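Hi,

Here is the model I promised to pass on.

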Amino acid sequence: PMLAVLSGSGLGDCTVVVTRYFGGTKLGTGGLVKAYTEATQAALLEASVVEKVEKVLIRVDGLDYQFYSKIKGPIEAMTATIEEEQFTDDISLVISVEESMAE
């Protein structure tokens, strides 16, 4: 019954765990199905949904210091993330960007 609720929810990459503390048979088969179904539905109502987005890493080497402040804003504006920065004679960056934006 739990898998049926998850399958019908339209969500992917999720798991629901229900723990029974009482191992008796008082609920019966129908009662157990109802209990597991309702527990799964309640968990899904409380869950926060996060969209999974494929990202790629892009490495930029040899960036002059004068350009760093000019490109940092646009990088962040396109919802990319600077994962790594190395400051030596010049600047090296590793940028995480949505796969669709990398083309």
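Which residues lie nearest the centre of the second largest pocket? They are R20, Y21, F22, L27 and L32, out of 12 residues that line this pocket. By pocket I mean an open set of points on a 1 Å grid over the protein atoms alone, where a 1.4 Å probe fits, with protein on both sides within 12 Å along at least five of seven lines; lining residues have an atom within 4 Å of a point.

Before the rest, some housekeeping. This is a predicted model, in which local features need pLDDT of at least 70 and side-chain atom pairs count only at pLDDT 80 or more, while totals for chains, interfaces and linings use all residues. Residues are numbered from 1 along each chain as its sequence is written, and side-chain values use heavy atoms, with hydrogens and water left out.

Back to the pockets. The largest pocket has a volume of about 220 Å³. It has 13 lining residues, with L11, G12, D13, C14 and V49 nearest its centre, and they split into 8 nonpolar, 3 polar and 2 charged.

Now the fold. There are 3 helices and 3 strands, running α-α-β-α-β-β from the N terminus (helices are DSSP runs of H or I, at least four residues, and strands are runs of E, at least two). The strands make an open antiparallel sheet in the order β1-β3-β2; two strands pair if DSSP finds at least two bridges between them. β1 (55-63) and β2 are at the edges with a single partner strand each, so one side of each has no neighbour in the sheet.

β1 and β3 are joined by 7 bridges, and R59 stands opposite V94 in β3. Between β2 (residues 81-87) and β3 (residues 91-98) there are 6 bridges, including the one that pairs F87 with I91. These two strands form a hairpin with 3 residues between them.

After α3 comes T79, with a positive phi near 60 degrees.

Finally, the overall dimensions: the C-alpha atoms fill a box of roughly 75 × 25 × 20 Å along the principal axes.

Cheers

How values were computed
Points joined across faces, edges and corners; volume = space filled by probe spheres on them. Nonpolar A, V, L, I, M, F, W, Y, C, P; charged D, E, K, R; others polar.
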